[in-house]
Amino acid sequence: MGVSCALALLFANVLGASAAVYISITAGVLFVISLLVKDIRQALTVPIITGTVMLSCLLFAFTWNNTVVPIQSLDGERAYCTYQIVDIPQKTGAGYIYTVKINNVNRGNTPQSFKAKVFSEREIDADYYDRVSSYLNFEKTSENDFDSYCQFGENIFIGAYADFDDAEFVCEKARSKPVNYRFIKLREFIKRNTAYVTNGEEGALALSFLTGDKSLLPDEVISNFRICGASHIMAVSGLHTALICFGVYLILKRMGVPLLPTTLITFVLLLSYCAVADFSKSVIRSVITVSIFIFARLLDKKADLLNSLGIAMTLICINPFAVTDPSAVLTVCAVLGIGFVYPEFEKLHTFKSCVAEYLYDAFTLNASIMITTFPATLIFFKSVSLLGFFLNFILILLAEIVLVSTILFNLFSFSAVTAFIPKGVMIFFSGAILDITSFCAEKFGRLFVDVSAPAFEVAVSLCLLFCAVSIFAFKKINIKQLCIFMAIAFALSGTFGYIDSENKIVAEVTENNEVAVYNIK
């Protein structure tokens, strides 16, 4: 159900609301037919898939026509609005970007409660959730979620420019604050404490590991991580939540705390961490999956990884634009690799040596994740790094050390004495990661390959065709043969793609919304 929902919404986002309506009608007809045919109805698979596709596309079309279109109708309009700042502002060279919730628009026949990104040349003198009133000049920033830098996934469908010149700026202090206010203040404290106290890129990197906030990292560092295929380490996901959750879970068990309080404390901690990480889709997926595991253990049941993932995907897809979030798609694909592909590798060999078995498991786990995340990488980034396959062995370990030391540093930062050791560990290993990625990006940057070339599209098509023929002819996929075929196909396409990309002019938009133009040689 989760996979069907996600795929249906992905196609709906690509094709648009009108196509989503036709897909929903077609799926509805097939759903009714599947209920009328006894054998198909009893098998359940076809009714579940067609019913899920029907509801998903209907949800997308309804949300688009009843939420997105009315909000984007404000494009080009100027109106006096009352709004609240609901997240930490992002400082840019030209001013500040605020995430706000607009409560009232002094203009007829328009939505009265929605989120927006507001740019202001000067800092708005207001606390979070205070009621601010001023003129806003609205501007539509994108036509669809793929062009919105995941803003649609955050229910932000329009941008605005704050105009304080022609009207009096009014700020009304809020008498009470929601629970999220405390988490915003906590994120603000962690950001100030981790990044500014350490005064360098090391603190900014540690902050990104803990909260996923990359706003303080220079574009060069982000580019180095991308070239090294290690960008996923900065996206808070299963690695982070599992480390924090099971670390606390095991500590509480070792302390003799009963299972019920241990589970509840861990669950509350998971929800709190999800709020600190600003409810990113990858964190929500991981929190749902891990929560199912710990509650299953409480009930003396065994949680299945793939079923847990399916439940998480279904809940996340309540937001029909969540499927276009690269971090969410990548984390789902990674779990699919762990659940589907990795077990097949485990069946192939057994080792008497613990060291050989560990190396083989690490290698095949990495390979499994790369296989299943490759299509998402092709869609979202148009590039892939061969360095990541080798660097992940060491970078993930170093990132775990940085994550733990960053948590301890913030917990014990009330005293310079108690914070000295975790701060030193955090800075040392963050610096090591920065040095490794910088060195590898400079010396081995040619292993960063553009996969938007037609040669790679042909390679992907051939691999999918290989899988289809294997299933049709032999009712299964031979993993060894598939790996050999993929290695040959992508080696050849990589060679042709590299030759074709030489001396091309490339323009890219950076994380800080700046444009970089360079020549590939």
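This is a predicted model: local features need pLDDT of at least 70, side-chain atom pairs count only at pLDDT 80 or more; totals for chains, interfaces and linings use all residues.
**Stop 1: Ala206**

Select Ala206, which is found in helix H6, residues 201-211. Is Ala206 buried or exposed? Ala206 has a relative accessible area of 1%, and because buried means under 20%, Ala206 counts as buried. Now show what surrounds Ala206. Leaving aside residues up to four places away in sequence, Ala206 touches Thr194, Val402, Thr406, Met426 and Ser430. Pick Met426 from that group and compare sequence with space. Ala206 and Met426 are 220 residues apart in sequence, while their C-alpha atoms are 7.1 Å apart.

**Stop 2: Arg187 and Asp87**

The structure holds seven salt bridges. For one of them, select Arg187 and Asp87, whose side chains meet with an N to O distance of 2.6 Å. Arg187 lies in helix H5 (residues 179-198), and Asp87 lies in the loop between strand E1 (78-85) and strand E2 (90-91), so the pair ties together parts that are 100 residues apart in sequence. Both Arg187 and Asp87 are buried.

Next select Lys177 and Asp130. This pair also forms a salt bridge, with the closest N and O atoms 2.9 Å apart. Colour the two residues by accessibility. Lys177 is partly exposed, at a relative accessible area of 26%, whereas Asp130 is buried, at 2%.

**Stop 3: Along helix H5**

Go to H5 and select Lys185 and Glu188. The salt bridge here has its closest N and O atoms 3.6 Å apart. How many residues apart are Lys185 and Glu188 in helix H5? They are three residues apart, which means a separation of about one helical turn. Lys185 is partly exposed, with a relative accessible area of 32%. Glu188 is partly exposed as well, with a value of 24%.

**Stop 4: Helices H7 and H15**

Show helix H7 (residues 219-227) and helix H15 (residues 416-443). Their axes come within 9 Å and cross at roughly 70°. That angle makes H7 roughly perpendicular to H15, because the range from 65 to 115 degrees counts as roughly perpendicular. The crossing of H7 and H15 is left-handed.

Which residues make the contact? On H7, select Val221, Asn224, Phe225 and Ile227. On H15, select Ile433, Leu434, Thr437, Ser438 and Ala441. Sorted by class, the contact of H7 with H15 has six nonpolar, three polar and no charged residues.

**Stop 5: Two residues with positive phi**

The last stop concerns backbone angles. Most residues other than glycine have a negative phi. Select Asn155, which is not a glycine and has a positive phi near 60°. Asn155 sits in the loop between E5 and strand E6 (156-163). Its relative accessible area is 40%, so Asn155 is partly exposed.

Finish at Asp300, another non-glycine residue with a positive phi, about 60°. Where is Asp300? Look in the loop between helix H10 (281-298) and helix H11 (305-316). Asp300 is exposed, with a relative accessible area of 69%.

Methods. Residues are numbered from 1 along each chain as its sequence is written. Side-chain values use heavy atoms; hydrogens and water are left out. Helices (H or I, at least four residues) and strands (E, at least two) are DSSP runs, numbered from the N terminus. Buried means under 20% relative accessible area, exposed over 50%, partly exposed in between (1.4 Å probe, protein chains only). Contact means heavy atoms within 4.5 Å. A salt bridge is a side-chain nitrogen of Lys or Arg within 4 Å of a carboxyl oxygen of Asp or Glu. Axes are lines fitted to C-alpha atoms, for helices over the stretch in contact, and angles run from 0 to 180 degrees between N-to-C directions. Angles under 35 degrees count as roughly parallel, over 145 as roughly antiparallel, 65 to 115 as roughly perpendicular and the rest as oblique. A crossing is left-handed if the near helix is turned anticlockwise from the far one by less than a right angle, and right-handed if clockwise. Ala, Val, Leu, Ile, Met, Phe, Trp, Tyr, Cys and Pro count as nonpolar, Asp, Glu, Lys and Arg as charged, and the others, Gly among them, as polar.
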